[in-house]
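User: I am new to this structure and would like a close look at a single part of it. Please take me through it slowly.

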Amino acid sequence: MGLLDILTGMQNGPHGNQSQPGQKSGGMSPIMMALLGLLAYKAFKGGSDRPASAPTSGGGGLGDILGGLLGGGRPSGMPPSGMPSPGAGSGGLGDVLTGGLGGSILSGGLGNLIKQMQQNGYGRQAQSWVGHGENEPIPPDDMAKALGADDIETLTQQTGMNRDELLSGLSQHLPNLVDQLTPEGRVPTEQEATEMA
């Protein structure tokens with residue numbers, strides 16, 4: 001199952017396509033953009049684990065990265081892939097994920113997300129999402145603590161969602177996304193993740 005299949009299934013849910021606040025017709029919902037943007041940022045932020053083509057100048061903060069990825073532009077140093085965005089025209093995050101950097105972003109982003117959650121005291125929840133068995137829920141307030149205020153604030157700015165809406169969406173969808181992206185009960189290697197992208 002590919003990443004776009006996973007995202008489509010998550011967005012449509014068991015009752016078909018449900019319109020979400022701020023969703024553009026035919027486009028990706030804000031929460032799906034937030035989930036993918038979060039993984040992309042965690043991959044780029046990961047220091048030595050950062051993909052070779054990750055931006056290294058111009059600030060490189062979450063706002064710069066997400067503004068480029070979600071807004072259809074590219075952060076400096078990011079090559080175009082020539083692939084269409086999932087449901088959102090050309091350019092942007094879909095290009096990166098379905099192009100050559102997809103495996104680096106998925107593998108690195110997941111690994112760095114899990115690491116950050118462990119450092120912030122939410123390792124048990126994160127490991128339940130990766131491992132086999134039930135996904136342990138995480139309340140919105142705990143999600144905010146697990147990810148950090150700066151990242152949450154920038155995700156709200158870039159997706160147009162308010163803070164409560166964003167945290168509720170991340171609490172609801174991030175455990176399932178991580179679970180589906182880790183079918184072997186561990187973070188996939190870059191090669192495995194590339195095959196998913």
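Is K42 buried or exposed, and which residue does K42 form a salt bridge with?

Analyst: This is a predicted model, in which local features need pLDDT of at least 70 and side-chain atom pairs count only at pLDDT 80 or more, while totals for chains, interfaces and linings use all residues. Residues are numbered from 1 along each chain as its sequence is written, and side-chain values use heavy atoms, with hydrogens and water left out.

K42 counts as buried, at 2% relative accessibility, where buried means under 20% relative accessible area, exposed over 50% and partly exposed in between, with a 1.4 Å probe and protein chains only. Its partner in a salt bridge (a side-chain nitrogen of Lys or Arg within 4 Å of a carboxyl oxygen of Asp or Glu) is D151, and the closest N and O atoms of the pair are 2.6 Å apart. D151 is buried as well, with a relative accessible area of 6%. The pair links distant parts of the chain, since K42 belongs to helix α2 and D151 to helix α8, 109 residues apart; helices here are DSSP runs of H or I with at least four residues, numbered from the N terminus.

The structure holds three salt bridges, and another of them joins the side chains of E136 and R124, at 2.5 Å from N to O. E136 lies in the loop between α6 and α7 and R124 in helix α6, so this pair ties together parts that are 12 residues apart in sequence. Here E136 is partly exposed, with a relative accessible area of 22%, whereas R124 is exposed, at 56%.

Methods
Helix = DSSP H or I, 4+ residues; strand = E, 2+ residues; numbered from the N terminus.
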